[in-house]
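Please keep the sequence and the coordinates at hand while reading.

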Amino acid sequence: MGGNKVIINLSGHPISALNAMTVVVKEVIKRLAGVKVDIAEPRVMARLGRGGTLGDKEFARQYRVRVRRVGNDYVIEELPRQGSSLTHTLLMVNGLVFTRKGQIVREGDYVEVLLLREPPRD
């Protein structure tokens, strides 16, 4: 057997594997494929609904969110508990929000969401 092979190991934890795929593995695959431009991803600006707060003063974070389409607006309507062992939340979310260290998003603020699937319409 000859040739180079790339092996990518992911955590056995589904939430950790999702984080690795969206942050690290995607970039590795692009480089291996020789892709020099950004590949369009389904991203929208969504307003954080009532009672929500995202972000951390000390760390960059990834949040699983539920987005709805209300008219022409996207609204983050639900923030499931974010523990890494709560894999059932993957069934109810349709987007990911990435915050930078020190970035705090409060109710009514808009934030970019990476859509995992099309949000339902009201």
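Lys 30 is found in helix H1. In this predicted model, Lys 30 is buried, with a relative accessible area of 12%, and, once its neighbours within four places in sequence are left aside, Lys 30 is in contact with Val 35, Val 37, Asp 38 and Ile 39. The buried residues of H1 are Ile 15, Ala 17, Leu 18, Thr 22, Val 25 and Lys 30. An α-helix has 3.6 residues a turn, so residues three or four places apart point the same way.

Helix H1, which covers residues 14–32, has a kink of about 50° that is centred on Met 21. Met 21 also belongs to a nonpolar surface patch of about 750 Å², made by Val 6, Ile 8, Leu 10, Met 21, Val 23, Val 24, Val 28, Ile 29 and Leu 32. Val 24 is found in helix H1 and is partly exposed, with a relative accessible area of 47%. After H1 comes Gly 34, whose phi is positive, near 75°.

## The chain as a whole

The protein chain has two helices and seven strands, and from the N terminus on its elements run α-β-β-β-β-α-β-β-β. Of its 122 residues, 32% count as buried, while the accessible surface comes to about 8,200 Å², of which 52% belongs to carbon and sulfur atoms. Among contacts between residues at least 6 apart in sequence, 69% join residues at least 24 apart.

The largest nonpolar core has 14 residues, and of these Leu 54, Val 65, Val 67, Ile 76, Val 97 and Val 113 touch the most other members. Strand E1 (43–48), strand E3 (61–70), strand E4 (73–78) and E7 each supply at least two residues of this core. With neighbours within four places in sequence left aside, the contacts of Val 113 include Pro 42, Arg 43, Val 44, Ala 46, Val 65, Val 67, Ile 76 and Val 97.

Val 67 is also one of the residues touched by Pro 120, together with Arg 68, Arg 69 and Asn 94, not counting residues up to four places away in sequence. Pro 120 has its place in the segment after strand E7 (110–115) and is partly exposed, with a relative accessible area of 29%. The C-alpha atoms of Pro 120 and Asn 94 are separated by 9.4 Å, although the two residues are 26 residues apart along the chain.

## Charged pairs

Side chains of opposite charge can pair when their charged atoms come close.

| Salt bridge | Separation of N and O atoms |
|---|---|
| Glu 41 with Lys 26 | 2.7 Å |
| Arg 43 with Glu 112 | 3.3 Å |
| Arg 61 with Asp 56 | 2.8 Å |

Salt bridges that share partners join Lys 26, Glu 41, Arg 43 and Glu 112 into one network.

Glu 41 forms a salt bridge with Lys 26; Glu 41 lies in the loop between H1 and E1 and Lys 26 in helix H1, so the pair ties together parts that are 15 residues apart in sequence. Glu 41 counts as partly exposed at 28% relative accessibility, and Lys 26 is partly exposed, with a relative accessible area of 27%. Arg 43 and Glu 112 meet through their side chains in a salt bridge, and this pair links distant parts of the chain, with Arg 43 in strand E1 and Glu 112 in strand E7, 69 residues apart.

Technical notes
Residues are numbered from 1 along each chain as its sequence is written. This is a predicted model: local features need pLDDT of at least 70, side-chain atom pairs count only at pLDDT 80 or more; totals for chains, interfaces and linings use all residues. Side-chain values use heavy atoms; hydrogens and water are left out. The bend at a residue is the angle between axes fitted to the seven residues ending there and the seven starting there. Helices (H or I, at least four residues) and strands (E, at least two) are DSSP runs, numbered from the N terminus. Buried means under 20% relative accessible area, exposed over 50%, partly exposed in between (1.4 Å probe, protein chains only). Contact means heavy atoms within 4.5 Å. Accessible areas come from the Shrake-Rupley method with a 1.4 Å probe; for residues, only the protein chains shown count as cover. A nonpolar core is a set of buried Ala, Val, Leu, Ile, Met, Phe, Trp, Tyr and Cys residues joined through side-chain atoms within 4.5 Å. Patches are made of residues with over 30% relative accessible area and no salt bridge: like charges are joined within 9 Å, nonpolar side chains (Val, Leu, Ile, Met, Phe, Trp, Tyr) within 5 Å. A salt bridge is a side-chain nitrogen of Lys or Arg within 4 Å of a carboxyl oxygen of Asp or Glu.
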